[in-house]
Amino acid sequence: MSFKFRHFSINDDASSMKVGTDAVLLGAWAGHPAPSHILDIGTGSGLIALMMAQRFGKSHIVGIDIHQASAIQAGENFKLSDWSPRLDARNISLQEYAQQADKKYDLIVSNPPFFNDSLLPPDSKKALAKHTRALSFKEMANCVSILLAEDGIFTLILPVLDQLHFEQEASQTGLYKKRELIITPVTGKSPNRIISEWALVRRKTQSRHLIIRKDQNNYTEAYIRLTSEFYLAL
């Protein structure tokens, strides 16, 4: 299946991870004044990395994924894009990458795994790519603190309860929350996701809310404004 966006398409047939609203939200919301180097943790099909390339025209983006088929698929999608010289896909774990990386990153983004044990997929490769056994929140926070530039920003999207767990780990590694976007799927429902932004310097946290749909068939104006740069139509 190919996902048609305004300036690129995504083919995810070879990947177990499908393009979803979480990735689009993160790619549209994550920000930095002028990032030279961007890291996408768990890049999957490469969608978020491509969105970063579109938004930040002078940046070099590395997408890493422990799942080999996903890294290969991301690399193929990168080659087909207009920004291929600035995109790099690597089949490596975050833990290994943090040990060998020779640069710091201005912006790090991640749409990480959040499967419970009861939801562990039967396919071991899928489990490796998606399950938190491969990358705990503690490990993620530690690695990000190593890879993040002094004035860098780390942005990730998580379910509400998992966000609370990540905050507990992040607070012990010198990461401080700058901003958060609390996401409600449909008007009248409870929030189910939070995008949060972290830095190595303590600041007062700014919090905002976003509702994705007015009802099952209609997006809110706020969601359209945030994502319209990427979709061909909403």
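I take a residue as buried when its relative accessible area is under 20%. The model I examined is a predicted one.

**Entry 1: the aromatic pairs**

I began with the aromatic rings and found five aromatic pairs in the structure. I then took up one of them, Phe137 with Phe166. The ring centres of Phe137 and Phe166 lie 6.0 Å apart and the planes stand at 90°, so I recorded this pair as edge-to-face. Phe137 belongs to helix 6 (residues 137-147) and Phe166 to helix 7 (residues 160-170), so the pair ties together parts that are 29 residues apart in sequence. By the cut-off above, Phe137 and Phe166 are both buried. I also traced the ring pairs onward: they join Phe137, Phe154, Phe166 and Trp198 into a cluster.

Is Arg193 buried or exposed? Its relative accessible area is 18%, and the limit for buried is under 20%, so Arg193 counts as buried. Which side chain does Arg193 meet in a polar contact of 2.7 Å? I found the partner to be the side chain of Asp22.

Asp22 itself is among the buried residues of helix 1, as are Ala23, Val24, Leu25, Leu26, Gly27, Ala28 and Trp29.

**Entry 2: the second largest pocket**

Which element supplies the largest share of the lining? I found that strand 10 does, with five residues. By residue type, I sorted the lining of the second largest pocket into five nonpolar, three polar and three charged residues.

**Entry 3: helix 3**

I closed with helix 3 (residues 68-80), which has 13 residues. From its first C-alpha to its last I noted a reach of 19 Å, close to the 18 Å expected at 1.5 Å a residue. Among the residues of helix 3, I recorded Ser70, Ala71, Gln73, Ala74, Gly75, Asn77 and Phe78 as buried. For reading such a list, I kept in mind that an α-helix has 3.6 residues a turn, so residues three or four places apart point the same way.

Technical notes:
Residues numbered from 1 in each chain as written. Predicted model: local features only at pLDDT ≥ 70, side-chain atom pairs only at ≥ 80, totals over all residues. Heavy atoms only, no water. Buried < 20%, exposed > 50% of the residue type's maximum accessible area, 1.4 Å probe, protein only. Polar contact = N/O pair within 3.5 Å; in protein donor to acceptor, adjacent residues only side chain to side chain. Helix = DSSP H or I, 4+ residues; strand = E, 2+ residues; numbered from the N terminus. Nonpolar A, V, L, I, M, F, W, Y, C, P; charged D, E, K, R; others polar. Expected span 1.5 Å × (residues − 1). Phe/Tyr/Trp six-rings, centres within 6.5 Å; stacked < 30°, edge-to-face > 60°.
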